[in-house]
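Please open the model in a viewer and keep a selection panel at hand.

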Amino acid sequence: MKNILVTGGAGFIGSAFVRHMVANYPDYNIVCYDKLTYAGNVDNLLPVSDEENYRFERGDIADRRAVQHVLEQYAIDTIVNFAAESHVDRSILEPDAFIHTDVVGAYILLDEGRKHGIERFCQVSTDEVYGDIEVGHSVEDDRFLPNSPYAASKAGGELMVRAYHVTYGLDTVITRGSNTYGPYQYPEKLVPFFTTEAMDDRPLPLYGDGEQIRDWLHVDDHARGVDCILHFGRPGEAYNLAGENQRHNINVTRRILDLLGKPQSLIRHVPDREGHDRRYAMTAEKARALGWQRQFDFDRGLEATVRWYQENEWWWRKIKTGDYLEYYKRQYAERLASIR
Ligand code: NAD
Ligand code: DAU
């Protein structure tokens, strides 16, 4: 590996990965390729913007010509694909962009990567491909039962990766991460959304009974996990990157309010997300066997994360304007009004 294309590198986890790789591998050239959708943010990359082994190119992974160009321009030998539409609620409102990026985009990257003779393709995927898991833990060979348009599009992307490995012999690896939290996360996801809303004493719209379970993983542990699988994963294999830290949504919400010194009365139980998965849980044995070890304890990680949003209002206040407010209205206005 020498010239690595990191797609979606201006997003939440992709930017953590870029910052990690630029700092830890001075011999690699890290090229971030990102469309800069509403979720992409060059501010996330400010810490590396002047580094010699880092470059940024704006582009769509589903744009074949643009992908060809960037692969040639930088003699790319490795692709790590973080680029995706990533928010479940938006996939329920409008699935189109999810098919475009998470399925067609993944296919274009695989196809051009193969034609350009890349050495390795790493697809960043999610525990949501396994679907709702009432008891026990998902392991890598479990079948896919995706329930939201987002989860189905990620499963589609993964299946295309598998096909390119089996049919064309492309060297591929897949990571399946669990719910990720930390700095620089777009404030539509539970942790940054509730933290920043509570800071402004606004209601927190908790879906349904709030007893759904998610398995939380710190973004820096996720980034190190992708690094580990990229370097040591076996061709054609998938690896769970599990937080192994399951929490009920209501408890995460209460903890955020406590950390901010805000009242629990900000919580509003609003009508549930359609098709809402109750529980995700995976084991991380297979990734651990390759040497991946999580470093963050959830309680301390969540506290540091909440502090980060308190100390970095410059980062999120400018996001919560314009289109963001339109989305907020569409997603929450009726739900909140229905419980008044
Ligand atoms: P994000 O929404 O914060 O970032 C996505 C990035 O992809 C943005 O920078 C966006 O501009 C870019 N992008 C979108 N469409 C593109 C396109 N067509 N071409 C090029 N760039 C495009 O997402 P995230 O939370 O950082 O997730 C990154 C990856 O990790 C995704 O593949 C997601 O499915 C996966 N994942 C996320 C989580 C999580 O909890 N956030 C957990 C497991 C897996
Ligand atoms: O599990 C991995 C997945 O985690 C990733 O693949 C996705 O990209 C990522 O968005 C995340 O999906 P979730 O749907 O689990 O994350 P979200 O932050 O949207 O929601 C977390 C839980 O909180 C979920 O059970 C829904 C609930 N929730 C969320 C929001 C935004 C609420 O109750 N109210 C809300 O307003």
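The lining of the second largest pocket in this predicted model comprises 5 nonpolar, 2 polar and 9 charged residues. To find the site, select Glu140, Arg162, Arg176, Gly236 and Ala238, which lie nearest the centre of the pocket among its 16 lining residues. The space in this pocket amounts to about 320 Å³.

Helix α5 (149–168), strand β6 (172–177) and strand β10 (237–241) each supply at least two residues of the lining. Which of these elements gives the largest share of the lining? That element is α5, with 5 residues.

The axes of α4 and α5 come within 8 Å and cross at roughly 15°. Angles under 35 degrees count as roughly parallel, and α4 and α5 are therefore described as roughly parallel to each other. Their crossing is right-handed. On the α4 side, display Phe98, Asp102, Val103, Ala106, Tyr107, Leu110, Asp111 and Arg114; on the α5 side, display Tyr150, Ser153, Lys154, Gly157, Met160, Val161, Tyr164 and Tyr168. These residues make the contact, and they divide into 10 nonpolar, 2 polar and 4 charged.

How many cavities of 30 Å³ or more does the structure hold? There is 1. The largest cavity contains about 50 Å³ of space. Select Val88, Glu128, Asn147, Ser148, Arg214, Arg273, Gly275, His276, Asp277 and Tyr280 to see its lining. By class, this lining has 2 nonpolar, 4 polar and 4 charged residues.

Now move to helix α1 (residues 12–24) and helix α7 (residues 219–232), which pack at an angle of about 65° with their axes 9 Å apart. The range from 65 to 115 degrees counts as roughly perpendicular, and α1 and α7 are therefore assigned to that class. The crossing of these two helices, α1 and α7, is right-handed. From α1, show Phe12, Ile13, Ala16, Phe17, His20 and Met21; these meet Val219, Asp220, His222, Ala223, Arg224, Val226, Asp227, Leu230 and His231 in α7. The contact of α1 with α7 has 9 nonpolar, 3 polar and 3 charged residues.

The last stop is another helix pair. Select helix α8 (residues 249–260) together with helix α10 (residues 298–311): the angle between them is about 55°, and their axes lie 10 Å apart. That angle makes α8 oblique to α10. The α8 and α10 crossing is right-handed. To inspect the contact, display Val252, Arg255, Ile256, Leu259 and Leu260 in α8, which meet Phe298, Asp299, Leu302, Glu303, Val306, Arg307 and Gln310 in α10. How do the residues of this contact divide by class? There are 7 nonpolar, 1 polar and 4 charged residues where α8 meets α10.

Methods. Residues numbered from 1 in each chain as written. Chains lettered and ligands numbered in written order. Predicted model: local features only at pLDDT ≥ 70, side-chain atom pairs only at ≥ 80, totals over all residues. Heavy atoms only, no water. Axes fitted to C-alpha atoms, helices over the stretch in contact; angles between N-to-C directions. Helix = DSSP H or I, 4+ residues; strand = E, 2+ residues; numbered from the N terminus. Parallel < 35°, antiparallel > 145°, perpendicular 65-115°, else oblique. Left-handed = near helix turned anticlockwise from the far one by under 90°. Contact = heavy atoms within 4.5 Å. Nonpolar A, V, L, I, M, F, W, Y, C, P; charged D, E, K, R; others polar. 1 Å grid on protein atoms, 1.4 Å probe; cavity = no way out; pocket = protein on both sides within 12 Å on 5 of 7 lines; lining within 4 Å. Points joined across faces, edges and corners; volume = space filled by probe spheres on them.
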